[in-house]
Amino acid sequence: MQDIERISNKEKKYIEEVLSNNFRTSSGSSMNSKLEKAFSKLYGTDYAITFINGTTTMHATLLAAGIGEGDEVIVPPLTMASTTFAVLNAGAIPIYADVDEETFQINPKSILEKLTKKTKAIITVALYGLSPEMDEIMAIAKINDLFVLEDNAETMLSYYKGKLAGTLGHAASFSFQSSKHLTAGEGGIIITNDEKLALDIRRISSLGYSGVSSGKGKITKNDIQLPNYSRHVSTGFNFRMPELCAAVVLGQLERVNELVDRRIEVASLFLEILSKVKWLLPQKTPDYSINSYWTFVARLKHSSIDWMTFRDKFQELGGDGIYAPWKLTYQEPFYKDLKEKEQNPSCPIAESLQTSLLQFKTNYWKWDEAKRQAEILKKTIDFFD
């Protein structure tokens with residue numbers, strides 16, 4: 001395997017183009033528009049809207065979908081708290097569904113158990129790069145008239161039953177934060193095929209400007225120079241992505257297969273090692289799914305080794321740090337102070353997994369380093385066997 005670059009000359013070329021035009025989009029340097037068109041093409045969707053990050057994407061989308069005060073939104077607890085924050089920022093109440101013990105994804109059976117008359121939406125999370133069981137979830141949503149938002153911050157070009165994760169719900173959110181498959185340090189994007197939803201998302205993200213549309217994020221200079229021009233048809237936020245960030249992501253998007261494949265290749269090294277180990281169980285990827293491995297995750301099920309003991313030995317032998325999953329969102333300190341919340345949330349499978357999952361990096365751009373980390377993992381396992 002060849003070494004690859006995290007940031008290449010493609011990204012640098014687009015950055016220089018933005019700088020040379022002094023950030024004047026009228027000079028032909030509207031990277032956001034180019035990125036939106038390219039991302040829509042990649043995913044085969046009608047609309048894409050860029051954002052400053054992958055939390056504001058979900059916040060705006062929930063508002064555009066009519067989710068608000070008193071509404072309940074079902075979410076998984078085993079993920080970054082931003083999924084819950086988006087619900088809270090929309091004025092709604094997060095309700096926690098448990099996860100599957102083998103795939104670690106939100107469990108449709110638990111979703112059914114958490115439904116009430118107040119339920120208005122579901123946010124799924126493609127945790128670690130794997131899609132949840134979207135056929136079952138969309139069937140539940142159809143019967144109960146629920147909006148489904150895919151939180152795909154941790155995936156890029158994952159597949160579920162031959163379909164791209166991100167094209168299965170009513171809208172999908174992606175993140176370009178520094179650790180993600182594609183990055184500009186920060187950034188996000190929403191995709192959807194719903195024209196009205198796209199327009200409402202755009203206006204919420206763009207200060208309620210009258211001149212934007214479902215497919216256009218900038219208002220024209222000729223319009224805004226007029227003295228009687230009405231700028232704002234609704235209230236909104238300023239969630240727009242800077243042109244420099246869009247330039248970097250556009251360059252990364254042109255290398256998307258190379259960047260995603262590298263993580264899958266690294267995960268394959270780890271999978272080969274774990275194939276003969278009974279007490280370190282990798283995240284299960286069903287035969288009908290393709291995992292893009294934002295990170296490689298395995299469950300530690302050893303009778304006499306705990307999480308810290310394994311991590312410490314791995315590091316002692318020269319391994320990179322192993323990340324633990326986030327605390328379950330309802331176990332974080334902020335949750336106890338919420339006024340509107342699920343009373344006594346309980347997700348026993350997620351609670352058990354949270355203390356036993358080992359998250360290994362997959363973003364090794366130098367292949368020799370990836371092989372070295374795999375060899376250290378094998379030595380760590382051999383030490384405890």
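**Starting from one glutamine**

Q: Is Gln105 buried or exposed?
A: Gln105 counts as buried, because its relative accessibility is 2%, under the 20% cut-off. Bear in mind that this is a predicted model.

Q: Where does Gln105 sit in the chain?
A: Gln105 is in the loop between β3 and α5, the latter being residues 108–114.

Q: And what is Gln105 in contact with, leaving aside neighbours within four places in sequence?
A: Its contacts are Asp98, Val99, Asp100, Val125, Ala126, Leu127, Leu130, Ser131, Pro132 and Gln283.

Q: OK, on to β3. Which residues cover its faces?
A: Ile93 and Ile95 are on one side, with Pro94 and Tyr96 on the other, and all of them are buried.

Q: How does β3 pair with β2, and over how many bridges?
A: β2 and β3 run parallel, joined by four bridges. Glu72 is bridged to Ile93, and Val75 has Tyr96 as its partner.

Q: What's the strand order in the open sheet of seven?
A: The order is β1-β9-β8-β5-β4-β2-β3, with mixed pairing. β1 and β3 (93–96) are the edge strands; each has a single partner, so one side of each lacks a neighbour in the sheet. From one strand to the next the twist averages 25°.

Q: Which strands of the sheet does α3 touch?
A: α3 packs on the sheet against β1, β4, β5, β8 (171–175) and β9 (188–192), and its direction makes about 175° with that of β5. Then there's α7, which also packs on the sheet, touching β1, β5, β8 and β9; its direction makes about 15° with that of β1.

Q: Switching to cores: how many residues are in the largest nonpolar one?
A: The largest nonpolar core has 41 residues, and those with the most contacts inside it are Leu62, Val73, Leu78, Phe104, Ile123, Leu149 and Ile201. Elements giving two or more residues to this core include β1 (47–51), α3 (56–64), β4 (119–125), β5 (147–151) and α7 (195–205). As background, nonpolar side chains in soluble globular proteins tend to be buried together.

Q: Pick Leu62. What does it touch, not counting residues up to four places away in sequence?
A: Leu62 touches Ile67, Ala86, Val87, Ala90, Ile123 and Leu149.

Q: What does the second, separate core include?
A: That core has 28 residues, among them Phe174, Cys245, Val256 and Leu259.

Q: Now helices. At what angle do α2 and α9 pack?
A: Helix α2 (residues 31–43) and helix α9 (residues 243–253) pack at about 35°, with their axes 8 Å apart. Their crossing is left-handed.

Q: Which residues meet there?
A: From α2, Met31, Asn32, Lys34, Leu35, Ala38, Phe39 and Leu42; from α9, Glu243, Ala246, Ala247, Val249, Leu250 and Leu253. By class, this contact has ten nonpolar, one polar and two charged residues.

Q: Last topic: what is the order in the open sheet of three strands?
A: The order is β7-β6-β11, with antiparallel pairing. β7 (163–164) and β11 (289–290) are at the edges, each with a single partner strand, so one side of each is left without a neighbour in the sheet.

Q: And how many bridges pair β6 with β7?
A: Two bridges, in the antiparallel sense, with β6 being residues 159–160. Tyr159 stands opposite Leu164 in β7.

Notes. Residues are numbered from 1 along each chain as its sequence is written. This is a predicted model: local features need pLDDT of at least 70, side-chain atom pairs count only at pLDDT 80 or more; totals for chains, interfaces and linings use all residues. Side-chain values use heavy atoms; hydrogens and water are left out. Axes are lines fitted to C-alpha atoms, for helices over the stretch in contact, and angles run from 0 to 180 degrees between N-to-C directions. A crossing is left-handed if the near helix is turned anticlockwise from the far one by less than a right angle, and right-handed if clockwise. Contact means heavy atoms within 4.5 Å. Ala, Val, Leu, Ile, Met, Phe, Trp, Tyr, Cys and Pro count as nonpolar, Asp, Glu, Lys and Arg as charged, and the others, Gly among them, as polar. A nonpolar core is a set of buried Ala, Val, Leu, Ile, Met, Phe, Trp, Tyr and Cys residues joined through side-chain atoms within 4.5 Å. Buried means under 20% relative accessible area, exposed over 50%, partly exposed in between (1.4 Å probe, protein chains only). Two strands pair if DSSP finds at least two bridges between them.
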